[in-house]
Amino acid sequence: MLNLNSPDSNSFQDPVSLNVGGEVYTTTLDTLTRCRDSMLGAMFTGQIPLLRDKRGNFFIDRDGKVFRYILNYLRSNSLDLPDDFKEMSLLKREADFFQIRPLLHEIRRYESGPQGVNWRSAVLNTDVDSQVRVLHFNLKRGPENYELRSCAVRVYSANVFCTSCAFIKLLCTRFSYRTRERTASPQSNEEKPNYLRMEWVPRPEDLPQDQYEKNSFRELTVTSQVTSPATSPTSVIPDTRAFMEEMLKVSLSEGFRVDSVFPDPSDILNCRSLRFVRY
């Protein structure tokens, strides 16, 4: 047994050979101590004693096959897994044992991102609605001359639920709210990252701009991903029909398939509810 708590400075020399569960790896001290507050960092800074095998390799009694992904992450700061990787639960357990917190965070991102199982298999539901509101306001005709006017506006709303948080984030980059002063992306609730609600009001011609802004109304636009994001054109969403058309475009391009249409399956763009699935 080799006790790394000893002051023997020769205990740590590059290159370092490790025997992890029967799999031998060769690396550097800099790589092993990349995360100083991790278990590996403690092992190779003399805080935790280690064993050597009969060949002189440092021995760690953990799963050796998935350790390669942990070691590669420490080398490159990138989680690189094969497309058919099926040991995610084991990798998470090993990353948790070694207490490599950035890797655990990266694994969670991977699972909810386009490479993960949670991204491939998902259910998506979109419901739309519209309501008419009548506004009453004073229209200035001249000094101390005001005319009482009324105007009907249609308030559109869309409620989206998806089991893939990554898809909700994608929608937040595709759609934008626009006023005369600024443009902002819709945001999901941090406590409910699978839900996204959007509400918008196209401005009628007979509603003055100042009254439109006074009521905090805003347009909804969509970015067409046909070129680079910086130059992609945007278009205004005038109603729920246009919104459903855009949802169809982005959902189908992301691997979803239409599962159900309500109330009339033969009139998909004018429906009130769309359900998608992705396997």
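**View 1. The hairpin of strands β1 and β2 in the predicted model**. In this predicted model, strand β1 (residues 16-20) and strand β2 (residues 23-27) run antiparallel and are joined by five bridges. Two residues lie between the strands of the hairpin, and Gly21, which belongs to the turn, has a positive phi of about 60 degrees.

**View 2. The open sheet that contains β1 and β2**. Four strands make up this sheet in the order β2-β1-β4-β3, and their pairing is mixed. Its edges are formed by β2 and β3 (51-52), each of which pairs on one side only. β3 pairs with strand β4 (residues 58-60) in the antiparallel sense over two bridges, and here Arg52 has Phe58 of β4 as its bridge partner. Helix α3 (residues 64-76) packs on the sheet, where the helix touches β1 and β2, and the direction of α3 makes about 10 degrees with that of β2.

**View 3. The packing of helix α3 against helix α4**. The axes of α3 and helix α4 (residues 88-97) are 10 Å apart and meet at an angle of about 65 degrees, in a crossing that is right-handed. On the α3 side the contact is made by Val66, Tyr69 and Ile70, and on the α4 side by Leu90, Leu91, Glu94 and Ala95. Sorted by class, the contact of α3 with α4 consists of six nonpolar residues and one charged residue, with no polar residue.

**View 4. The open sheet of β8, β7, β10 and β11**. The four strands follow the order β8-β7-β10-β11, and the pairing is antiparallel. The edge positions are taken by β8 (183-184) and β11 (234-236), each pairing on one side only. Three bridges link β11 to strand β10 (residues 219-223), the two strands running antiparallel, and Val222 stands opposite Ser235 in β11. Helix α7 packs on this sheet and touches both β7 (175-178) and β10, its direction making about 40 degrees with that of β7.

**View 5. The contact of helix α7 with helix α9**. Helix α7 (residues 165-174) and helix α9 (residues 240-253) have their axes 12 Å apart and pack at an angle of about 130 degrees, which means that α7 is oblique to α9. The crossing in which α7 passes α9 is right-handed. From α7, Phe167, Leu170, Leu171 and Arg174 meet Met247, Val250 and Ser251 of α9. The residues of this contact of α7 with α9 comprise five nonpolar, one polar and one charged.

**View 6. Confidence along the predicted chain**. The chain has a mean pLDDT of 87, with 90% of its residues at 70 or more. Among the elements named here, strand β9 (residues 195-200) has the highest confidence in the chain, at a mean of 97, while helix α6 (residues 117-120) has the lowest, at a mean of 52. Over residues 1-10 the pLDDT stays under 50, and the model has 23 contacts beyond four places in sequence for this stretch. Over residues 226-231 the pLDDT likewise stays under 50, and for these residues the model has four contacts beyond four places in sequence. Where pLDDT is low, the predicted coordinates should not be read in detail.

Technical notes:
Residues are numbered from 1 along each chain as its sequence is written. This is a predicted model: local features need pLDDT of at least 70, side-chain atom pairs count only at pLDDT 80 or more; totals for chains, interfaces and linings use all residues. Side-chain values use heavy atoms; hydrogens and water are left out. Axes are lines fitted to C-alpha atoms, for helices over the stretch in contact, and angles run from 0 to 180 degrees between N-to-C directions. Angles under 35 degrees count as roughly parallel, over 145 as roughly antiparallel, 65 to 115 as roughly perpendicular and the rest as oblique. A crossing is left-handed if the near helix is turned anticlockwise from the far one by less than a right angle, and right-handed if clockwise. Contact means heavy atoms within 4.5 Å. Ala, Val, Leu, Ile, Met, Phe, Trp, Tyr, Cys and Pro count as nonpolar, Asp, Glu, Lys and Arg as charged, and the others, Gly among them, as polar. Two strands pair if DSSP finds at least two bridges between them. pLDDT is the predictor's confidence in each residue, from 0 to 100.
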